[in-house]
Amino acid sequence: GIRFFSDGHLYVRNAIVRNGKTAILAKGTALKYASLEFENVKIMNFDSCGICAKNASLTIVNSLIADCKRHALSQVGGELNVEQTTIANYFVNLASTETRTGASVALANYDYNENYELENVPLSKADFVNCVIYGSYKDEIALRKSDDETVAFNFRFVSSLLKTEERADDANFVQVIYDTPDFVSVKFPHDY
């Protein structure tokens, strides 16, 4: 995969990233986010995460993140903007009986540091607009919020099709559809 720890800017366009442990690992600091943009990118078939980010500023547009054992997209703190993107997770390891271990999308505003101490990491923004988030789990969105109410935990799902607990429209779930997408095939070879 690609590991991005610098405080520069990474821009990936018209690319396919396949098969490995973690496709994209991005880590910044509380003072300087790692900055990444993805446009028209396919990230598929990973034994851990598709995109795993902490203290990062991510923009994902018109892309596909699919079939990851842990999370297709994990964001701890930072900023996230996802538009016109499909996140589909029907991970199956054909060589063994291993199964998935996490929701397709995980958002959090806390983590544990190298000394295993709780660390608050503000999630300033996580917007999903016109997206599909679906998979083999009952709930494909994991929201992990700190007990400290002063730590930012801002997210929105707008005009998207989701597989999660059905909620009435509110500030976080606006014009959301809770239905099954018409994927061509969720079995191998996956066609979303």
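Reply: This is a predicted model. Start with strands S8 (residues 73-76) and S11 (residues 105-108): they run parallel and are joined by four bridges.

Me: Why are strand S8 and strand S11 called a pair?

Reply: Pairing takes at least two bridges. S8 and S11 have four, so they pair. Within this pairing, serine 74 stands opposite alanine 106 of S11.

Me: Which sheet has parallel pairing, and in what strand order?

Reply: An open sheet of six strands, ordered S1-S3-S5-S8-S11-S16.

Me: What makes S1 and S16 the edges?

Reply: Strand S1 (2-4) and strand S16 (141-144) each have a single partner strand, so one side of each lacks a neighbour in the sheet. On average, neighbouring strands of this sheet are turned by 5 degrees against each other, direction ignored.

Me: Now the aromatic rings. How many aromatic pairs are there?

Reply: Nine.

Me: Why is the pair of phenylalanine 128 and phenylalanine 157 called stacked?

Reply: Ring centres must lie within 6.5 Å to pair, and planes under 30 degrees apart count as stacked. Here the centres are 4.7 Å apart and the planes are at 15 degrees, so the pair is stacked.

Me: What parts does this pair tie together?

Reply: Phenylalanine 128 belongs to strand S14 (residues 123-129) and phenylalanine 157 to strand S17 (residues 156-158), so the pair ties together parts 29 residues apart in sequence.

Me: What makes the pair of phenylalanine 157 and phenylalanine 173 stacked?

Reply: The centres are 5.2 Å apart, with 15 degrees between the planes. The cut-offs are 6.5 Å and 30 degrees, so this pair is stacked. It links phenylalanine 157 in strand S17 with phenylalanine 173 in strand S19 (residues 173-174), 16 residues away.

Me: How do you know whether phenylalanine 157 and phenylalanine 173 are buried or exposed?

Reply: Buried means under 20% relative accessible area. Phenylalanine 157 has 0%, so it counts as buried. Phenylalanine 173 has 2%, so it is buried. Phenylalanine 128 is also buried.

Me: Which residues do ring pairs link into a cluster?

Reply: Phe128, Phe153, Phe155, Phe157 and Phe173.

Me: Why does threonine 86 count as buried?

Reply: Threonine 86 has 18% relative accessibility, and the limit is under 20%, so threonine 86 counts as buried. Threonine 86 lies in strand S10 (residues 86-89). Leaving aside neighbours within four places in sequence, threonine 86 contacts Ser63, Leu64, Ile65, Val132 and Phe183.

Key: Residues numbered from 1 in each chain as written. Predicted model: local features only at pLDDT ≥ 70, side-chain atom pairs only at ≥ 80, totals over all residues. Heavy atoms only, no water. Phe/Tyr/Trp six-rings, centres within 6.5 Å; stacked < 30°, edge-to-face > 60°. Helix = DSSP H or I, 4+ residues; strand = E, 2+ residues; numbered from the N terminus. Buried < 20%, exposed > 50% of the residue type's maximum accessible area, 1.4 Å probe, protein only. Contact = heavy atoms within 4.5 Å. Axes fitted to C-alpha atoms, helices over the stretch in contact; angles between N-to-C directions.
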